[in-house]
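Visitor: I'd like to learn how to read charged pairs and surface patches in a model. Could you walk me through this one?

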Amino acid sequence: MKKILPIICLFCTARLLAQSSGDGPLKVFGYFQNIVQQESLNRKIGVLNTFALQQLNLFLQKDLAKNWTSLINIEILNNYSSARQWGALNLQEAWVRYRHSAALSIKFGLHTPVFNHLNEIKNKTPLLPYIIRPIAYETSFEEFITVDEFAPDRANIQISGYVPWRGVKVDYAVFGGNGPNINSDPGKGQTGIDTTGTMMAGGRFGLRCKGLKAGLSFTYDRYSQLAAIEDIKIPGRDDYGEIPRVRFGIDAQYHFDRAGIESEYIHVNYHDKNDEINFDRDFFYTTVNYEYREWFSAYLTYWLIQQQALPVKSKMTVYSLGVSCPVGERITLKLQSGKVLSNTWLNKVNIGRARGNYYDAAISVFF
Amino acid sequence: MKKYIYMIFLLFNLAVPLFAQVTVIAHRDVPVEKIKKSQLLDFYIGDIKKWPDGTAVVVFDLKEKKAVKKIFYKYLGKTSSRMKSIWMKNMLAGEGAPPKAMKTEKQMLLEVASTPGAIGFIGQTFVDNSVKVLKTIPLKK
């Protein structure tokens, strides 16, 4: 009887939670952003002009029962064509959430976890004034920048909510998911799963008060594939074991009437005891924006990204300005221009310096 | 001549509050008689989704960019585009659809009166007994 009682309790609770009265219709919606870009970052190639379907996201959402919602988010990047091997197709989210109250929501399944301000909305082009996002969040660069090194892109369970306290909303989120050691080689077994004993754990603690929103975020996991990166292999040291990795983030934004400022910093630290290697990374951005009219807003933004794979170190800074013009409820025209400065050092000797500009125009559509 | 100018000025000052005053209305069965600014904002940004008795909150918006809508959002401390951005964020996070936007204040009154848990805003001149008035938004001079 002792063994059956918990099962009966669980069954009764599940029945109680899943009241069918909340069943709703299947909602289909999404957005896409088409761009035209001129880029002059590589002197050898010269100026590049290109059109691109930068991103398309398709959402399927359904209220399954009272307090239960599910959502699927499919993301298509960079003129995707499987026949031509262009771009990428991602299943970005597939989750079910139980919302008990504003203070407690539980999300099960694949989702983008709460980490800093921009992480949750980084892929949601209608919400962003940018065409090219602050670089650690630019998922259309995923093919050549390890974007998910900076902020966690995927988690599998999350508990979140907010608690009001003296006029302040105290936000919290804790989440868990796979570590970074995902198998991509069919020869080694099932792909797309963590084939090690590692897990990721993380969270965010934040405050909201009037126009101010600020928070601290972190994740912890263990990296076990560093030895596989050929160009950083050190003779006689093929196996570095599992290296603990901590991501630390701080974010703040303030809106006053039509003006706003937002800023974020992320530090990725590898607790490697080996002096020969250092993979620490830093990212910072700050944006100042002003909404002149409902149909016109402008922003100035600065990004800094530093990556190390000692003895190699690289640093990139971007200064960018842009405007965003909503046309009706569902269409936004965007313009953005940026100046990029990039340096690479090997053993503190500068081995590569690049500077260039980019000019983008985009049409963002929500449907 | 000066008298007339003063009279016109006085009438103008009286007339603006009379026509532009905004009232927050709700379905007659909602379990509250008054609402605070912070609660109203929580309803409109989707942070609170239920009335104290558990009834779902159904929020209505106005389609047209009338003075009533401008005053209401200014009172909440948000621009219209900021509110749209919050609703879109909620929708893309699976938190629910944006509020249904009514073409006219008269339509808003009818919808709020006939939808359990509904809340909306209209000019004071449109209010009748079919809805409950939760707040009259003071005009800042």
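Visitor: Are A:Lys122 and A:Asp153 buried or exposed?

Guide: Both A:Lys122 and A:Asp153 are buried; that word stands for under 20% relative accessible area, with exposed over 50% and partly exposed in between (1.4 Å probe, protein chains only). A word on the ground rules: this is a predicted model, where local features need pLDDT of at least 70, side-chain atom pairs count only at pLDDT 80 or more, and totals for chains, interfaces and linings use all residues. Residues are numbered from 1 along each chain as its sequence is written, chains are lettered from A and ligands numbered from 1 in the order in which they are written, and side-chain values use heavy atoms, leaving out hydrogens and water.

Visitor: What do A:Lys122 and A:Asp153 form?

Guide: Side chains of opposite charge can pair when their charged atoms come close. Here A:Lys122 and A:Asp153 make a salt bridge, with the closest N and O atoms 2.8 Å apart. The rule asks for a side-chain nitrogen of Lys or Arg within 4 Å of a carboxyl oxygen of Asp or Glu. Both partners sit in the loop between strand 5 (104–111) and strand 6 (155–165) of chain A, 31 residues apart. Helices (H or I, at least four residues) and strands (E, at least two) are DSSP runs, numbered from the N terminus.

Visitor: How many salt bridges are there over all chains?

Guide: The count comes to 18. One of them joins A:Arg208 to B:Asp47, at 2.9 Å between the closest N and O atoms. That pair crosses between chains, from strand 8 (residues 199–209) of chain A to the loop between helix 2 (37–44) and strand 2 (58–62) of chain B. A:Arg208 is partly exposed because its relative accessible area is 21%, whereas B:Asp47, at 13%, is buried. Both also belong to a salt-bridge network with A:Lys169, A:Asp171 and B:Asp42.

Visitor: Which residue does B:Glu33 meet in a salt bridge?

Guide: B:Lys132, at 3.1 Å, N to O. B:Glu33 lies in the loop between strand 1 (22–26) and helix 2 of chain B and B:Lys132 in strand 5 (residues 132–137), so the pair ties together parts 99 residues apart in sequence. B:Glu33 is exposed at 55%, while B:Lys132 is buried at 15%.
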